[in-house]
Amino acid sequence: MSDGRSLMRRWLLRIPLALLAAYALLVLMVRPSNDRDWNADQARLATAEISGNQVQVHNVRNARYRSVDDFDVHWEERRYDLARLDSVWFIVEPFADWRGPAHTFLRFGFDDGEFLAISVEIRKERGESFSPWLGLLRQYELMYVIGDERDLIGLRANHRKDEVFLYPVRTTPTQMRALFVSMLARANAVAEQPEFYNTLTNTCTSAIIDHIDHIAPGRVPFSLTTVLPGYTDDFAYDLGLIDTDLPRDAYRAAHRINARAADSDDRDDFSQAIRARD
């Protein structure tokens with residue numbers, strides 16, 4: 001009996017080593033690529049050119065949706081003036097029956113009424129859907145979707161019917177400029193050198209935290225919200241990153257924008273309408 005238990009323990013000790021070896025083999029054999037049969041809404045990668053205060057962004061996505069799967073995609077060239085950048089907004093989209101799983105992204109606003117949303121996502125091949133487990137196994141490339149706010153928010157609020165929370169970020173002009181430029185630089189890097197999404201280490205939320213840490217080291221301490229991004233708004237509130245005077249038990253409901261997004265879907269002033277306060 002003792003020999004049997006000893007043999008079982010030896011086999012159990014070998015399991016982690018076998019898993020580690022299998023993952024190392026996966027890392028060596030499976031390489032990321034920007035050349036696959038992508039979904040139509042992710043067929044192009046955004047890139048940017050920066051000269052002084054002037055930014056030219058290529059492949060800005062501006063899709064119009066009839067449903068989640070029925071849409072027309074327009075890819076646009078847009079120019080922005082960094083000297084006019086005046087706001088950053090943090091968006092949280094929970095998408096499960098419990099609060100933990102969520103998508104997060106940022107929106108940048110300019111004082112001339114221009115805006116741009118940047119969303120770090122898995123880049124899906126045709127017919128592919130997201131699985132957090134496959135996200136651990138180098139099955140999805142990562143991409144920076146740079147797009148029109150009505151596209152990125154409208155898709156989630158009006159067609160996926162997910163809750164969407166929109167928060168103004170408390171920051172300085174210097175920091176918001178650095179954050180915007182940092183995200184554009186990373187979009188360029190991903191377009192040049194593809195990389196894999198990873199459910200634990202390379203996600204929508206971890207990317208945002210990495211960008212913040214790049215411009216303000218230590219501003220966002222380690223937290224499990226990286227893997228449970230549905231709680232990142234509470235985390236950001238506690239860190240003083242959300243620009244609100246509302247108490248903790250009231251701020252979240254006040255920034256839920258689904259009703260305003262539904263009422264404003266076809267309006268030219270969509271971005272202004274979803275920020276209107278009752």
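This is a predicted model: local features need pLDDT of at least 70, side-chain atom pairs count only at pLDDT 80 or more; totals for chains, interfaces and linings use all residues.
**View 1. The aromatic pair of Tyr-65 and Phe-71.** Nine aromatic pairs are found when the whole structure is searched. One of them joins Tyr-65 and Phe-71, whose rings are tilted, with a centre-to-centre distance of 5.5 Å and an angle of 55° between the planes. Tyr-65 has a relative accessible area of 12% and is therefore buried, since the limit for that class is under 20%.

**View 2. The aromatic pair of Phe-130 and Tyr-140.** The ring centres of Phe-130 and Tyr-140 are 5.9 Å apart and their planes meet at 35°, so this pair is tilted. Both Phe-130 and Tyr-140 lie in the loop between β8 (115-123) and β9 (141-147), so the pair ties together parts that are ten residues apart in sequence. The two residues fall into separate accessibility classes: Phe-130 counts as partly exposed, at 36% relative accessibility, whereas Tyr-140 counts as buried, at 1%.

**View 3. A cluster of aromatic rings.** Tyr-80, Phe-108, Phe-110 and Phe-180 are linked into a cluster by ring pairs.

**View 4. Arginine residues over aromatic rings.** Two such arrangements are shown, and each is described by the distance to the ring centre. Arg-252 lies over the face of Phe-165, at a distance of 4.1 Å from the centre of the ring. The ring of Trp-89 has the charged end of Arg-275 over it, 4.2 Å from the ring centre.

**View 5. The crossing of α3 and α4.** The axes of α3 and α4 come within 9 Å of each other and cross at roughly 125°, which makes α3 oblique to α4. The crossing of these helices is right-handed. On α3 the contact is made by Gln-175, Ala-178, Leu-179, Ser-182, Met-183 and Arg-186, and on α4 by Ala-207, His-211, Ile-212, His-214 and Ile-215.

Note on methods. Residues are numbered from 1 along each chain as its sequence is written. Side-chain values use heavy atoms; hydrogens and water are left out. Rings of Phe, Tyr and Trp (its six-membered ring) pair if their centres lie within 6.5 Å; planes under 30 degrees apart count as stacked, over 60 as edge-to-face and the rest as tilted. Buried means under 20% relative accessible area, exposed over 50%, partly exposed in between (1.4 Å probe, protein chains only). Helices (H or I, at least four residues) and strands (E, at least two) are DSSP runs, numbered from the N terminus. A charge sits over a ring if NZ of Lys or CZ of Arg is within 6 Å of the ring centre and within 35 degrees of the ring normal. Axes are lines fitted to C-alpha atoms, for helices over the stretch in contact, and angles run from 0 to 180 degrees between N-to-C directions. Angles under 35 degrees count as roughly parallel, over 145 as roughly antiparallel, 65 to 115 as roughly perpendicular and the rest as oblique. A crossing is left-handed if the near helix is turned anticlockwise from the far one by less than a right angle, and right-handed if clockwise. Contact means heavy atoms within 4.5 Å.
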